[in-house]
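Reader: Please take a close look at one part of this model. I would like to hear about the nonpolar core and the aromatic rings.

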Amino acid sequence: MQRWSRSQSPIPAPQPEELRTLQLERLRRTLRHAYDHVPFYRKKFDADGVHPDDCRELDDLAKFPTTSKEDLRANYPYGMFAVPRHLVRRVHASSGTTGQPTVVGYTEGDLSVWAEVMARSLSAAGVRPGDTVHVAYGYGLFTGGLGAHYGAERLGCTVIPASGGMSARQVRLITDLQPEVIMVTPSYLLALADEFERAGIDPRASSLKVGVFGAEPWTEGMRAEIEERFGLDAVDIYGLSEVIGPGVAQECVDTKDGLHIWEDHFYPEVVDPDSGRVLPQGSHGELLFTSLTKTAMPVIRYRTRDLSRLLPGSAYPAFRRMEKVSGRTDDMIILRGVNLFPSQIEEIVLATAGASPHFRIVLTSADRLDQLTVEVEAPAELRTPVAQSIAAAAKQTIGVRVVVEVVPPGSLARSTGKLQRVIDLREG
């Protein structure tokens, strides 16, 4: 499905040399700003024997130290800010469910840049001025809802700020208000598909033409499931609060071949997760981002923990693409010596006839032996073939034996935000 031609999208198209010159100018300014105004960066640069003046070309960025989520937590709440607090116009934060929250701040200029890159992202996704956009990301401290909201308004769209949850109300709003676009996590849209059907409404009969999905990894199999059930174009958006929020990179509706990074604002690198060595373009590794235009809280070589690779631009040749995130360095499961990611299990489930896309992974251990159980929904009459198919595919494609527990449709909890796919109950 292709709704729009990219020729209609107002995406900047600088020449490669122009972009590199702009990046270097902004990178040098960011390094200096961070060094002069954030004690953490001054101390870290000095400890590594580097100075902002040492950055004379883009490749010199590799000389500088990385930043981690742990660094942000250690400087909670305002230690990473590079401007006085009276210049900060908004604060967002992570939930802190797995540790100390991370706090990020925005000046008025930062908020304008964020709205700009979000509007650019939506345009690449096929959204146009005058469209109505249903935002079902969570609002509040999470960056998803407000990031989507202000970007859509900047583009000239009408926004329905639905937020997450209350699925029956979501279906009623979509049915009554007729939005062309929905912005939501992919797992929650599948939950909404179930809610449409419970209400006796065919999801394909809805007004939705474009879905912009982010906040959690999702596979090509899930894209196919969403597009089939809703009859819309499903495209990926990428971002993270520590860099700015959603809008760092966006998939084009015409090509659906990876996400173009808005490199005039965010400089990407891919490194070996273990050594930290910068890898050549096309190599698979961990994504790092350096903000080039963020004033309130610049980040230098931020370790996202997301696994991907960089590719040449396609729909927008000036900007490199990042491949759809395949997993994270911190959600890799080591099961009896085999490394695997939840996305691999997801691909198997989505390819299994009769299995619902709703599943979860439960890790347990007994007698020092780890066990992975895949809990998946399927009708009672398909319980045995679904279980056998998933178990066989896991053994053949991943190389591990898993237990498959098939439960009745509707048994597993639905998520209105980022879906927790893995429950780790192992000893220790």
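Author: The model is predicted. Its largest nonpolar core has 79 residues. Tyr 41, Val 127, Met 183, Val 212, Tyr 238, Phe 289 and Met 322 have the most contacts inside this core. Helix α4, residues 108–125, gives the most to the core: 9 residues.

Another core, of 23 residues, lies apart from the largest one. Among its members are Phe 359, Leu 363, Ala 387 and Ile 398.

Now the rings. The whole structure holds 11 aromatic pairs. In one of them, Tyr 41 and Phe 45 have ring centres 5.9 Å apart and planes at 55°, so the pair is tilted. Both residues sit in helix α2, residues 39–47. They are 4 residues apart there, so about one helical turn separates them. Tyr 41 and Phe 45 are both buried. Ring pairs also link these two with Tyr 35, Phe 40 and Phe 64 into a cluster.

Tyr 106 and Trp 114 form a stacked pair, because their planes are at 10°, with ring centres 4.9 Å apart. Both Tyr 106 and Trp 114 are buried. The ring of Tyr 106 also has the charged end of Lys 294 over it, 4.6 Å from the ring centre. Likewise, the charged end of Arg 320 sits over the ring of Tyr 267, 5.7 Å from its centre.

Key
Residues are numbered from 1 along each chain as its sequence is written. This is a predicted model: local features need pLDDT of at least 70, side-chain atom pairs count only at pLDDT 80 or more; totals for chains, interfaces and linings use all residues. Side-chain values use heavy atoms; hydrogens and water are left out. A nonpolar core is a set of buried Ala, Val, Leu, Ile, Met, Phe, Trp, Tyr and Cys residues joined through side-chain atoms within 4.5 Å. Buried means under 20% relative accessible area, exposed over 50%, partly exposed in between (1.4 Å probe, protein chains only). Helices (H or I, at least four residues) and strands (E, at least two) are DSSP runs, numbered from the N terminus. Rings of Phe, Tyr and Trp (its six-membered ring) pair if their centres lie within 6.5 Å; planes under 30 degrees apart count as stacked, over 60 as edge-to-face and the rest as tilted. A charge sits over a ring if NZ of Lys or CZ of Arg is within 6 Å of the ring centre and within 35 degrees of the ring normal.
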